[in-house]
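Welcome, and please open your viewer.

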Amino acid sequence: MDILIFRHAESTANASGLLAGRSSGVELSEKGKEQATGLRSILDGFPFDAVISSPISRCLDTAKRALPNHEPILLNEDFIELDFGDWTGLSLQELAKRDEWKIVQHSPSQFRFPNGESFMDLRQRVAKGITDIVDSYDSSAKIALFTHADVVKMIVTWLLDSPIDKFQRVMIDPASITIVVDGETGLGIKSVNLDSKSDRIKEVLSHGD
């Protein structure tokens with residue numbers, strides 16, 4: 001099984017430096033629309049058995065632009081953005097001045113967003129989500145998953161059995177691709193944060209190596 005995990009393309013909140021979270025009205029920026037459409041050319045003809053998306057519009061829009069001919073797109077709450085609670089919609093520049101920001105960056109296992117989720121909550125639900133995918137599809141299946149940066153980072157951290165406090169060391173760019181495989185030794189990571197324009201992603205999709 002190959003699970004291609006896409007971070008959504010650039011959003012208007014990304015471009016404005018805001019912590020979008022689950023707030024409504026956050027769409028793809030013009031650059032993001034171009035990024036998502038750009039994914040289409042490298043994915044054309046790739047035989048996905050299922051396409052799964054966070055229910056948030058910036059992920060769903062990325063999926064629809066990248067794979068316009070694939071139906072249905074399955075919405076899955078396990079891969080929704082972190083619930084940032086009272087921090088939702090705030091400026092990242094202003095949040096970075098708070099003492100709590102240091103905990104988020106260096107000791108996230110100790111932090112719960114005010115009236116929102118903890119990073120442990122996120123870890124538990126992404127572990128469930130990935131496990132459900134593996135249990136629900138054939139071992140030869142090709143799955144596309146469209147989600148959010150923190151979700152991808154936590155999937156990588158979980159698969160490496162790495163402490164949550166190492167979570168922020170994983171870098172995931174807009175419209176990037178991370179590839180998880182389920183092989184003889186179980187779930188593993190083939191590639192992380194691939195640029196859709198790189199020759200590497202074309203090689204991976206063409207040859208599966």
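The stops below go from salt bridges to a loop residue, a hairpin and the nonpolar cores.

**Before you start.** This is a predicted model, where local features need pLDDT of at least 70, side-chain atom pairs count only at pLDDT 80 or more, and totals for chains, interfaces and linings use all residues. Residues are numbered from 1 along each chain as its sequence is written, and side-chain values use heavy atoms, with hydrogens and water left out.

**Stop 1: salt bridges.** Here a salt bridge is a side-chain nitrogen of Lys or Arg within 4 Å of a carboxyl oxygen of Asp or Glu. A search of the whole structure turns up 11 salt bridges.

Select K142 and D2: they form a salt bridge, and their closest N and O atoms are 2.7 Å apart. K142 belongs to strand β4 (residues 142-147) and D2 to strand β1 (residues 2-7), so this pair ties together parts that are 140 residues apart in sequence. Helices (H or I, at least four residues) and strands (E, at least two) are DSSP runs, numbered from the N terminus. Is D2 buried or exposed? D2 counts as buried at 14% relative accessibility, while K142 is partly exposed at 24%. In these terms, buried means under 20% relative accessible area, exposed means over 50%, and partly exposed lies in between (1.4 Å probe, protein chains only).

Next, pick K128 and D78, a salt bridge with 3.2 Å between the closest N and O atoms. K128 sits in helix α6 (residues 119-136) and D78 in the loop between β3 (73-75) and α4 (92-95), so the pair ties together parts that are 50 residues apart in sequence. K128 is partly exposed, with a relative accessible area of 44%, and D78 is buried at 14%.

Now show E94 and K97, whose side chains meet in a salt bridge of 3.3 Å, N to O. E94 is partly exposed at 43%, whereas K97 counts as exposed at 59%.

**Stop 2: S196.** Move to the loop between β6 (186-194) and α8 (199-207), where you will find S196. S196 is buried, with a relative accessible area of 11%. Which residues are in contact with S196, leaving aside its neighbours within four places in sequence? They are L39, I42, A175 and I201, where contact means heavy atoms within 4.5 Å. A175 is 21 residues from S196 in sequence, with 7.1 Å from C-alpha to C-alpha.

**Stop 3: a hairpin.** Colour β5 and β6, which form a hairpin with two residues between them. Strand β5 (residues 177-183) pairs with β6 in the antiparallel sense over six bridges; two strands pair if DSSP finds at least two bridges between them.

**Stop 4: the nonpolar cores.** In soluble globular proteins, nonpolar side chains tend to be buried together. A nonpolar core is a set of buried Ala, Val, Leu, Ile, Met, Phe, Trp, Tyr and Cys residues joined through side-chain atoms within 4.5 Å. The largest one has 36 residues, of which I3, F79, W87, F113, F119, L145 and I155 touch the most other members. At least two residues each come from β1, β2 (50-53), α5 (99-106), α6, β4 and α7 (149-159). Helix α7 gives the most, with seven residues.

Finish by selecting L67, A144, F146 and L194, which are among the 20 residues of a second, separate core.
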